[in-house]
Amino acid sequence: MSSNTPVAQDDHLYRHKGSFFLKKWTTPEFIDSLQDFKIRDDDIFLITYPKSGTIWTQQVLSLICSDGHRNGTENINTSDRVPFIEFPQSCDVTDYNNRCSPRLFASHLPNEFVPQGLKNKKAKVIYVMRNPKDVVKSFYHFQAMVVDAQKSPDFNHFFEKFLNGHVYPGRWFDHIKGWYMNKDDYNILLIKYEDMIKDLHSVVIQICAFLGMELNEEAIDIVIRKASFNEMKMDPLANKKDFSGGTLDLNLGTFVRKGAVGDWKNIMTVAQSETFDKIYQEEMEGLSLDFTWDATEWIENK
Ligand code: A3P
């Protein structure tokens, strides 16, 4: 198996300029139009490859930025608090020009598709990444819940699709490298999912400092409590109840699923893991990026 394996057809995706997009939510024309989307200096963009902790960081950001939310307006859908720039129809205020500042946006877009105005601007970008072996496992469970997606009959089938990038928005390696290698073009904070698992308090403080937000200890404690795995696991909105039915079949799984580091070991065979390692080494050579693959690394290093 390699990234040269022919990709299987998946009717819910279309290919555009080397990436894949969701037919149900976007058109190539709309994606291209985002290049000219007018950025405000106080805009905040959360960018992730899927299954890297997007909903978690959406929750953290909206808690940090909204006093009101911390004080009990959390029944606003996540997609309205931090809408995806590429899916405006998924939220209530679809004309983003009418949203109040500071605007929070999420996106899975590869770096070449985001608004040009984000470059060399004061607007802030938070890029969250996660070790890709856990990403592929999380994605495998998620795709089973997506109503229109071509279902993978087993993990190996999805593993191949993932390596080939035949998923929205394309190859994990391309996404990470595109953003990482062009990071100096942006006012950007890079965060790792595993660091959030290990020490959310420190990451929240780091995000507040980057955003220039001053929260007292009590407010920070509320952010951490309301963004904890257990709270979010019980929260219907964090579990995308607003997408239930048409987009996601929530009878087939939960969005906030396991939240673990190293869960890939429960599904990947040794052969799959070795294949992955080989491709990873080839793709990531020369990049000073490393990931935590297993939580036991922390225990051993203590
Ligand atoms: P798992 O499927 O491995 O459990 P995204 O929002 O980018 O799609 O990422 C979803 C992943 O983030 C899922 O991973 C989900 O369980 C995890 N997640 C969501 N909220 C979390 C939280 N509060 N703490 C830890 N992980 C969380």
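For the charge count here, Lys and Arg count as positive and Asp and Glu as negative, while His and the chain ends are left out. The place of a charge is taken as NZ of Lys, CZ of Arg, CG of Asp or CD of Glu. On that basis, the protein chain has 35 positive and 43 negative side chains, and the centres of the two sets lie 1 Å apart.

Keep in mind that this is a predicted model: local features need pLDDT of at least 70, side-chain atom pairs count only at pLDDT 80 or more, and totals for chains, interfaces and linings use all residues. Residues are numbered from 1 along each chain as its sequence is written, and side-chain values use heavy atoms, with hydrogens and water left out.

**The whole chain**

- You'll find 13 helices and 6 strands in the protein chain (DSSP runs numbered from the N terminus, with helices being H or I of at least four residues and strands E of at least two).
- The radius of gyration is 19 Å, close to the 19 Å that the globule rule gives for 302 residues, so the chain is as compact as a globular protein of that length. That radius is taken over C-alpha atoms, and the globule rule is 2.2 Å times the number of residues to the power 0.38.
- Along the principal axes, the C-alpha atoms fill a box of roughly 50 × 50 × 40 Å.
- Of the 302 residues, 55% count as buried (under 20% relative accessible area; exposed is over 50% and partly exposed is in between, with a 1.4 Å probe and protein chains only).
- Take the contacts between residues at least 6 apart in sequence: 72% of them join residues at least 24 apart (contact means heavy atoms within 4.5 Å).

- His175 sits in helix H7 (residues 172-181) and counts as buried at 2% relative accessibility.
- The side chain of His175 reaches the backbone oxygen of His108 at 2.8 Å.
- Not counting residues up to four places away in sequence, His175 touches Ile47, Thr48, Tyr49, His108, Leu109, Pro110, Tyr127 and Pro169.
- Ser107 belongs to strand E4 (residues 104-107) and is buried, with a relative accessible area of 0%.
- Neighbours within four places aside, Ser107 is in contact with Leu46, Ile47, Thr48, Phe84, Ile85 and Glu86.

**Cis peptide bonds**

- Ser101 and Pro102 are joined by a cis peptide bond, with omega about -5°; Pro102 lies in the loop between helix H4 (78-81) and E4.
- A cis peptide bond also joins Tyr168 and Pro169, with omega about 5°, and Pro169 lies in the loop between helix H6 (155-164) and H7.

**Loop residues to look up**

- Lys17 isn't a glycine, yet has a positive phi of about 50°. Look for Lys17 in the loop between strand E1 (13-16) and strand E2 (19-22), where Lys17 is exposed, with a relative accessible area of 58%.
- Lys51 isn't a glycine either, and has a positive phi of about 70°. Its loop runs between strand E3 (44-48) and helix H2 (54-65), and Lys51 counts as buried at 11% relative accessibility.
- Phe255 is in the loop between helix H11 (229-234) and helix H12 (270-284), and counts as buried at 17% relative accessibility.
- From C-alpha to C-alpha, Phe255 and Lys241 are 9.3 Å apart in space and 14 residues apart in sequence.

Definitions and conventions:
A polar contact is a pair of N or O atoms within 3.5 Å; within protein, one must be able to donate a hydrogen and the other to accept it, and residues adjacent in sequence count only if both atoms are side-chain atoms.
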